[in-house]
Each structure stands twice: as C-alpha cells, then as structure tokens.
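Student: I would like to learn how to read a protein model, one feature at a time. Could we go through it together, with the general idea before each case?

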Amino acid sequence: MNLNREKGGIILAGLAIGVIAAVLVVLGNPVNMGFCIACFLRDTAGALGLHGAANVQYIRPEIIGLVLGSFLLTSVKKEFASRGGSAPLTRFVLGFFVMIGCLMFLGCPFRMILRLAGGDLNAVFGLVGFVCGILAGVFFLNRGYSLKRTYRLPALEGRLLVVLEVVLLILLVAAPAFIHFTEAGGGPGAQHAAILVSLAAGVIVGALAQRTRLCMVGGIRDVVLFREWKLLAGFIAILASALVCNLVLTAVTPDTYFHLGLTGQAVAHTDGLWNALGMLLAGFGCVLLGGCPLRQLVLSGEGNTDSAITVLGLMVGAAFAHNFGLAASGEGPTANGKIAVVIGIAVVLAIACLNTYRSQRGEEA
C-alpha cells in the first residue's frame with residue numbers, strides 16, 4: 001500500500017510539473033523550454049559575465065526557485081543535513097562534461113522530455129544516446145564504481161549555495177550595470193516569464209522533486225538495476241501532461257506549441273548522431289554523479305555540497321562551451337564541439353574505470 005501511494009505521489013507530481021512547464025512557455029519562456037537546467041544555468045552564467053554570448057544571458061529565477069524549494073521543504077521537515085567530501089574535484093569535472101554533452105544536444109534530460117512533448121523528433125536521437133550512456137554507467141555500477149562516502153559538515157557549508165541563490169535573486173531584481181541581460185528580441189535569453197511567476201514555479205517544482213526524488217537518470221537506472229519503475233513513471237507523467245497541454249494550446253490559440261517533425265524546431269538542430277552522442281555523454285556522466293542536473297540542484301538545496309560543486313562544474317562547463325565555440329546551435333554542432341564531446345566521453349570513461357577497478361584492487365589488497 002505504501003509503495004502504491006508513493007508511486008501515485010510521484011505520478012501526480014510529474015503531471016503537475018508537466019503542466020507548470022507548459023504554462024511557463026505560454027507566459028514567456030522559449031518553446032519546449034519551460035524548464036531546462038542546462039540552458040538556464042548557461043543563461044545565468046552569461047548574466048554573470050562568465051561568457052559573452054549575448055543571446056543567452058539572463059539570471060533564471062527557476063534555478064533559484066528549485067534550490068530554495070528543496071531547501072525550504074527539507075528545513076520545514078527537519079531533514080536538512082550538510083554533508084559532502086565525496087571526490088569533489090571529480091564531481092566538478094563530471095559536471096563540466098555533462099554540460100558539454102547537454103549543450104551539444106541543446107538541452108538537459110528535463111528539456112529532452114519537453115522537446116518530445118512538443119513534437120521534436122530530434123529528441124528521440126537524444127533519448128537513444130541518453131539511455132546508452134546510462135547503460136554504460138550501470139555497467140560500472142555493477143562492478144563496484146564508487147566515489148566513496150560523504151561526511152557530515154558544518155551547517156554553513158550546506159547553506160552556502162542557498163545563500164548564493166538568494167544573492168542571484170537580489171541581483172536579478174536590482175539589475176546592476178555589471179549584470180548582463182539579453183536585449184528584447186535578441187535570443188532565448190530575452191524570452192522568459194515574469195520573475196515572480198518563474199520563481200514560484202521553481203519553488204514548487206523544487207519541493208515536488210525533493211519530496212519524490214524525481215530524477216530521469218535515476219528512473220532509467222532503477223529500471224535496469226532493480227526493475228523498479230516508480231521514478232521513471234514521474235517523467236512519463238511529465239511527458240504526458242506537457243503533451244496534452246501543448247496539443248490543447250495549439251488547438252485553442254493562434255500559436256503553435258506542438259509541431260511534429262525534425263525540422264523547424266525551436267532551439268534544436270537535426271544532426272541525429274551528435275544529438276545522440278551529446279546525450280550519451282550527459283547520461284554516462286550523470287550516472288557516475290548519482291543524478292541528473294535537476295537532481296543535483298535539489299540535492300544542493302538539501303545541504304549536499306558535492307552536488308553544489310557539481311552545479312558549479314555545470315556552470316563553468318556552460319561558460320567554457322560558449323567562450324570556445326563548443327555549444328551547438330540551430331545550425332548544428334561545431335567542429336570544436338564534436339572534439340569536446342569525444343574528449344568528454346574519454347574522460348568520463350577514464351573516471352569510471354579508475355573509480356571501479358582501482359577500488360577492486362584496493363579491496364583485494
């Protein structure tokens with residue numbers, strides 16, 4: 001009975017999140033981008049001047065809300081626990097390359113689902129690569145991969161990222177001259193819902209994701225390892241509710257929220273191979289991290305400093321990608337981006353091997 005109640009709660013949370021994502025697009029967010037952790041961290045990095053791509057610069061309140069929502073719920077339920085110390089530099093590097101993979105695909109696992117709900121068939125190639133990346137990660141999990149244990153830390157350590165998010169909110173509202181904003185009509189960074197609406201949406205989704213442990217990577221991993229479908233059911237529910245919303249909105253409004261096909265999709269390219277390889281890198285890295293970018297933000301709100309360092313790695317990866325021409329665009333992937341994805345797969349594979357077979361040798365000794 002408890003298992004059924006838990007699964008029902010995850011499905012209801014997924015349905016609500018899908019609706020929220022669709023509504024955010026109606027209220028101003030880019031098409032098929034009600035939520036995208038990779039894109040929103042990239043925009044925030046640009047707003048802070050970490051990269052100079054003028055079309056993607058805006059402090060996204062949804063990211064702030066996700067962390068605050070998780071933090072507030074865990075604080076109210078007295079579950080907040082500051083912890084960390086599990087291979088932080090390795091997690092930073094993994095976060096860096098996960099972002100490189102996401103920006104090759106032009107979206108995180110969350111946006112991949114929303115792109116499918118909008119009829120973008122390019123996301124099918126991303127999904128295939130993503131599953132392959134997760135299977136590669138599961139291969140190493142089955143052989144003992146581990147980044148070792150975490151440790152209890154002073155409470156301040158776990159709250160630092162939360163404080164940083166509050167500072168970002170103040171900067172967004174105050175809009176000082178050193179914060180960058182994409183000019184109206186200048187690109188995805190200029191497309192956003194009102195600050196309070198976006199912040200509220202982030203808080204709600206952050207709280208729901210914290211309570212249900214929603215994670216696309218964890219969902220597929222658990223199906224493969226344990227034949228457990230409850231986490232994946234949450235993302236299937238997101239897909240279903242966002243799809244229904246998009247179909248209804250397309251039918252009753254003059255705008256198109258559902259467009260089935262490969263071409264003419266918003267913030268997407270049609271190179272199937274590199275869509276797949278980008279998400280293979282993202283999926284592989286996320287398994288080794290223990291969760292997708294959404295999950296990392298939620299864990300950060302719970303006081304997990306390893307996840308906070310991963311988030312910083314994601315942001316630096318986004319800045320690096322735009323400063324050095326690694327990110328794909330609607331025109332397709334760049335040569336530099338292809339090289340970076342191949343290097344990323346090699347680095348993630350090396351991390352997986354070193355933290356699996358080295359551990360085995362240590363145990364045998």
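Student: Is Lys-148 buried or exposed?

Tutor: Before the case itself, please note that this is a predicted model, in which local features need pLDDT of at least 70 and side-chain atom pairs count only at pLDDT 80 or more, while totals for chains, interfaces and linings use all residues. Residues are numbered from 1 along each chain as its sequence is written, and side-chain values use heavy atoms, with hydrogens and water left out. Buried means under 20% relative accessible area, exposed over 50%, and partly exposed in between, with a 1.4 Å probe and protein chains only. Lys-148 has a relative accessible area of 56%, so Lys-148 is exposed.

Student: Where is Lys-148 found?

Tutor: Helices (H or I, at least four residues) and strands (E, at least two) are DSSP runs, numbered from the N terminus. Lys-148 is found in the loop between helix 6 (122–141) and strand 2 (151–152), and its phi is near 70 degrees, a positive value in a residue other than glycine. Ala-175, which is not a glycine either, has a positive phi of about 50 degrees; Ala-175 is found in the loop between helix 7 (155–174) and helix 8 (195–212), and with a relative accessible area of 40% it is partly exposed.

Student: How many helices and strands does the chain have?

Tutor: There are 14 helices and two strands in the chain. Among the buried residues of helix 5 are Phe-110, Arg-111 and Arg-115, and the helix is followed by Gly-119, whose phi is positive, near 90 degrees.

Student: Which residues does Asp-43 touch, not counting residues up to four places away in sequence?

Tutor: A contact means heavy atoms within 4.5 Å. Asp-43 lies in helix 2 (residues 37–47) and is buried, with a relative accessible area of 0%. Leaving aside residues up to four places away in sequence, Asp-43 touches Val-56, Gln-57, Tyr-58, Arg-60 and Gly-189. Thr-44 also lies in helix 2 and is buried, with a relative accessible area of 3%; by the rule that leaves out residues up to four places away, its contacts include Tyr-58, Arg-60 and Met-315.

Student: What radius of gyration does the chain have, and what would a compact globule have?

Tutor: The radius of gyration is taken over C-alpha atoms, and the globule rule is 2.2 Å times the number of residues to the power 0.38. With 365 residues, a compact globule would have a radius near 21 Å, and the chain has 19 Å, which agrees. The C-alpha atoms fill a box of roughly 65 × 50 × 45 Å, taken along the principal axes, and 55% of the 365 residues count as buried. Among contacts between residues at least 6 apart in sequence, 80% join residues at least 24 apart.
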